[in-house]
Amino acid sequence: MKVKLQHVAHARSGDKGDTSNIAVFAYAPELYPLLVEQLTAERFKAFYGGAIRGEILRYPVEALHAINFVCHGALGGGVSRSLCLDNYGKSLSAAVLGFELEVPDALAPKLVNLPARA
């Protein structure tokens, strides 16, 4: 089944200059391999449709069931240099929760806040 990332994981962010740091944490250890397999740096960057102009470095952190993404060229030159009002890392981390993943039906009990299927 296809589900949004928000049902598989949560995200935290930070920003410094023109770089955003976004960490995605699986809600359950059984969900972490799905993140590693499907949430690649390339797909992560493509999801943002050009909002992140620079390189994205991806760091899986197995012990925490997390992946950390360091996104260069993500903040319009930096918070103090950008004319965009809502271009902070927090906006980017909230947006990624809409990323779609393919999740086996057997893992449905591990998902969080999944709407009932008709």
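A residue is called buried when its relative accessible area is under 20%. The legends below use this cut-off and refer to a predicted model.

**Figure 1. Phe-44 and Phe-69 are both buried.** Phe-69 has 0% relative accessibility, so this residue counts as buried. Phe-44 also has a value of 0% and therefore counts as buried. A search of the whole structure finds four aromatic pairs. In the pair formed by Phe-44 and Phe-69, the ring centres are 4.0 Å apart and the planes stand at 10°, so the pair is stacked. Phe-44 belongs to helix H2 (residues 41–47) and Phe-69 to strand S5 (residues 66–72), so their pairing ties together parts that are 25 residues apart in sequence.

**Figure 2. Phe-47 and Phe-99 form an edge-to-face aromatic pair.** Their ring centres are 5.7 Å apart, with 65° between the planes. Phe-47 is in helix H2, while Phe-99 is in the loop between H3 and strand S6 (100–102). The two residues are 52 residues apart, and their pair links distant parts of the chain. Phe-47 is partly exposed, with a relative accessible area of 33%, whereas Phe-99 is buried at 3%. Ring pairs also join residues into a cluster, made up of Phe-44, Phe-47, Tyr-48, Phe-69 and Phe-99.

**Figure 3. The largest nonpolar core has 32 residues.** The residues with the most contacts inside this core are Leu-5, Val-8, Val-24, Leu-35, Phe-44 and Val-103. Two or more core residues come from each of these elements: strand S2 (9–16), strand S3 (19–26), helix H1 (32–38), H2, S5 and H3. For Val-24, contacts beyond four places in sequence include Leu-5, Ala-9, His-10, Leu-35 and Leu-39. Val-24 is also in contact with His-65, Ala-66, Ile-67 and Phe-69.

**Figure 4. Four strands form an open sheet with antiparallel pairing.** The order of the strands in the sheet is S2-S3-S5-S4. S2 and strand S4 (56–61) are the edge strands, each pairing on one side only. On average, neighbouring strands of the sheet are turned by 15° against each other, with direction ignored. S2 and S3 run antiparallel and are joined by eight bridges. Ala-11 stands opposite Val-24, a residue of S3, and these two residues are also in contact.

**Figure 5. Ser-93 is a buried residue of helix H3.** This helix covers residues 89–96. The relative accessible area of Ser-93 is 7%, and the limit for a buried residue is 20%, so Ser-93 counts as buried. Leaving out residues up to four places away in sequence, Ser-93 touches Ala-11, Arg-12, Ser-13, Ile-22 and Tyr-48. Tyr-48 is also one of the residues in the aromatic cluster.

Figure 6. From the N terminus on, the elements run β-β-β-α-α-β-β-α-β. The protein has 118 residues, of which 38% count as buried. Among contacts with a separation of 6 or more, 62% are between residues 24 or more positions apart. The accessible surface comes to about 6600 Å², and 56% of this area belongs to carbon and sulfur atoms.

Note on methods
Residues are numbered from 1 along each chain as its sequence is written. This is a predicted model: local features need pLDDT of at least 70, side-chain atom pairs count only at pLDDT 80 or more; totals for chains, interfaces and linings use all residues. Side-chain values use heavy atoms; hydrogens and water are left out. Buried means under 20% relative accessible area, exposed over 50%, partly exposed in between (1.4 Å probe, protein chains only). Contact means heavy atoms within 4.5 Å. Rings of Phe, Tyr and Trp (its six-membered ring) pair if their centres lie within 6.5 Å; planes under 30 degrees apart count as stacked, over 60 as edge-to-face and the rest as tilted. A nonpolar core is a set of buried Ala, Val, Leu, Ile, Met, Phe, Trp, Tyr and Cys residues joined through side-chain atoms within 4.5 Å. Two strands pair if DSSP finds at least two bridges between them. Axes are lines fitted to C-alpha atoms, for helices over the stretch in contact, and angles run from 0 to 180 degrees between N-to-C directions. Accessible areas come from the Shrake-Rupley method with a 1.4 Å probe; for residues, only the protein chains shown count as cover.
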